[in-house]
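Subject: Structure handover

Hi,

Here is the structure I promised to send over. Please have a look at it first, and then read on for what turned up.

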Amino acid sequence: MIALNHFNQLSAGEALAVLQPCVAIPSWSAALVAARPYASLAGLREEAYQRTLGWGAAELEAALSAHPRIGEKPAGPQTHAAFSRQEQSAVDDRDARLAQALKEGNARYEARFGRVFLIRAKGRSGEAILEALAQRLTHSDDEELRVTLEQLREITLLRLEGVIGQ
Ligand code: 2AL
């Protein structure tokens with residue numbers, strides 16, 4: 001976590017590296033870096049939010065490369081892997097029944113929509129995630145794309161709070 005003042009003063013390359021764990025959409029990070037300096041965290045957050053509004057299917061596909069399946073907590077040392085583990089901390093991985101249900105739900109979702117099921121995991125139990133997965137399987141393609149982009153937006157803004165602070 002670095003301070004906003006520090007983020008404002010970094011080289012473009014260093015600033016991009018700070019944002020890297022938030023989301024794997026280079027155009028988003030580049031726009032945020034180019035819009036520096038920020039007078040406040042609220043200003044940064046607003047810019048970050050506005051820059052998510054143009055996201056579509058292509059951006060989602062790029063982003064999913066950095067979001068492992070729910071139930072598959074990544075072991076790697078990368079910052080985005082650490083975020084993912086922490087976000088999924090309420091998913092009890094000692095619960096074999098839950099793990100199996102998530103595995104089956106993920107597979108059904110991937111067969112239906114052709115991509116990994118994405119949900120903002122922070123603050124959600126494994127059971128709540130399973131319920132949401134079942135509900136989202138009832139969506140049309142358009143509805144589901146919209147909901148998934150909203151979840152990606154939430155994850156990205158939460159991660160931003162984790163990399164740049166006061
Ligand atoms: C994730 C993840 O890595 N963090 C989160 O909130 N959700 N993954 C996922 N497939 O939804």
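**A buried asparagine and its partners**

Asn8 is buried, with a relative accessible area of 16%, which puts it under the 20% cut-off used for that word. Before going further, please keep in mind that this is a predicted model. Asn8 lies in helix 1. Setting aside neighbours within four places in sequence, Asn8 is in contact with Arg36, Pro37 and Tyr38. Asn8 and Pro37 are 29 residues apart in sequence, yet their C-alpha atoms are 4.9 Å apart in space.

Pro37 deserves a look of its own. This proline is found in the loop between helix 3 and helix 4, and the peptide bond that leads from Arg36 to Pro37 is cis, with omega near 0°. As background, most peptide bonds are trans.

In soluble globular proteins, nonpolar side chains tend to be buried together. Here the largest nonpolar core has 29 residues, and the members that touch the most others are Phe7, Trp28, Leu44, Leu152, Leu160 and Ile164. Two or more residues each come from helix 1 (4-9), helix 2 (12-19), helix 3 (26-34), helix 4 (41-50), helix 5 (57-64) and helix 9 (141-163). Helix 9 gives the most to this core, with 6 residues. There is also a second, separate core of 14 residues, which includes Leu98, Ala101, Tyr109 and Ala132.

**One face of helix 2**

Which residues of helix 2 are buried? They are Ala15, Val18 and Leu19. Viewed down the axis of helix 2, these buried residues fall within an arc of 95°, so they line one face of the helix. Their packing partners are strand 1 (2-3), helix 1, helix 3, helix 9 and strand 2 (164-165).

**The cavity**

How many cavities of 30 Å³ or more does a search of the whole structure find? The search finds 1, and about 100 Å³ of space lies in the largest cavity. Of the 13 residues that line the largest cavity, the closest to its centre are His67, Ile70, Glu87, Gln88 and Ile119. Helix 6 (79-87) and helix 9 each supply at least two residues of the lining. By class, the lining has 7 nonpolar, 3 polar and 3 charged residues.

- Glu87 lies in helix 6 and is buried, with a relative accessible area of 11%. Beyond its neighbours within four places in sequence, Glu87 is in contact with Ala121, Lys122, Ile155 and Arg159.
- Gln88 has its place in the loop between helix 6 and helix 7 (96-113). Gln88 is buried too, with a relative accessible area of 2%. Not counting residues up to four places away in sequence, Gln88 touches Pro68, Arg69, Ile70, Gly71, Glu72, Lys73 and Ala121.

Best wishes

Notes:
Residues numbered from 1 in each chain as written. Predicted model: local features only at pLDDT ≥ 70, side-chain atom pairs only at ≥ 80, totals over all residues. Heavy atoms only, no water. Core = buried A, V, L, I, M, F, W, Y, C linked by side-chain atoms within 4.5 Å. Buried < 20%, exposed > 50% of the residue type's maximum accessible area, 1.4 Å probe, protein only. Helix = DSSP H or I, 4+ residues; strand = E, 2+ residues; numbered from the N terminus. 1 Å grid on protein atoms, 1.4 Å probe; cavity = no way out; pocket = protein on both sides within 12 Å on 5 of 7 lines; lining within 4 Å. Points joined across faces, edges and corners; volume = space filled by probe spheres on them. Nonpolar A, V, L, I, M, F, W, Y, C, P; charged D, E, K, R; others polar. Arc of directions from axis to C-beta. Contact = heavy atoms within 4.5 Å.
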